[in-house]
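Hello,

Here is the structure you asked about. My notes on what was found in it follow below.

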Amino acid sequence: MGRRWIFGGHIAGIGTASGLRAVVGIWRESPFGPFADAMVQLPSGRRILLAPTGDVAEFIAATYSFEEVRIVDVPAVLTGQTLRVDAGPW
């Protein structure tokens with residue numbers, strides 16, 4: 001049997017009528033330590049992964065498909081019902 005990967009955290013997503021979508025993962029616990037990542041899908045369908053490290057990007061890109069992967073800071077804070085993300089510059 002393969003290696004077991006355990007992540008503890010939250011996932012939030014949003015989409016607009018124009019076709020823009022974003023999904024943010026905030027992981028308190030993971031094999032990579034705590035981190036946040038984001039997927040942005042443009043109205044054209046182009047999917048961009050924003051990940052804080054190459055190791056995180058490699059893992060996520062092996063699980064999901066993206067047209068582009070960018071290594072950028074992805075600071076995210078979840079407080080109650082409020083999520084603040086400032087990923088970039090991208």
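Leu-83 is partly exposed, with a relative accessible area of 32%; buried means under 20%, exposed over 50%, and partly exposed in between, using a 1.4 Å probe and protein chains only. The model is predicted, so local features need pLDDT of at least 70 and side-chain atom pairs count only at pLDDT 80 or more, while totals for chains, interfaces and linings use all residues. Residues are numbered from 1 along each chain as its sequence is written, and side-chain values use heavy atoms, with hydrogens and water left out.

Leu-83 lies in strand 7 (residues 82-85). Strands here are DSSP runs of E with at least two residues, numbered from the N terminus. Together with Leu-78 and Val-85, Leu-83 makes a nonpolar surface patch of about 200 Å². Such a patch takes residues with over 30% relative accessible area and no salt bridge, its nonpolar side chains being joined within 5 Å. A salt bridge puts a side-chain nitrogen of Lys or Arg within 4 Å of a carboxyl oxygen of Asp or Glu. The areas come from the Shrake-Rupley method with a 1.4 Å probe.

Now to strand 3 (residues 35-41), where seven of seven residues are buried. Phe-35, Asp-37, Met-39 and Gln-41 are on one side, and Ala-36, Ala-38 and Val-40 on the other.

Which strands pair with strand 3? Strand 2 (residues 21-29) runs antiparallel to strand 3, joined by seven bridges, and strand 4 (residues 47-51) pairs in the antiparallel sense over four. Pairing requires at least two DSSP bridges between two strands. Val-24 has Ala-38 as its bridge partner, and Gln-41 stands opposite Arg-47 in strand 4.

Regards

Methods: Patch = residues over 30% accessible without salt bridge, like charges linked within 9 Å, V, L, I, M, F, W, Y side chains within 5 Å.
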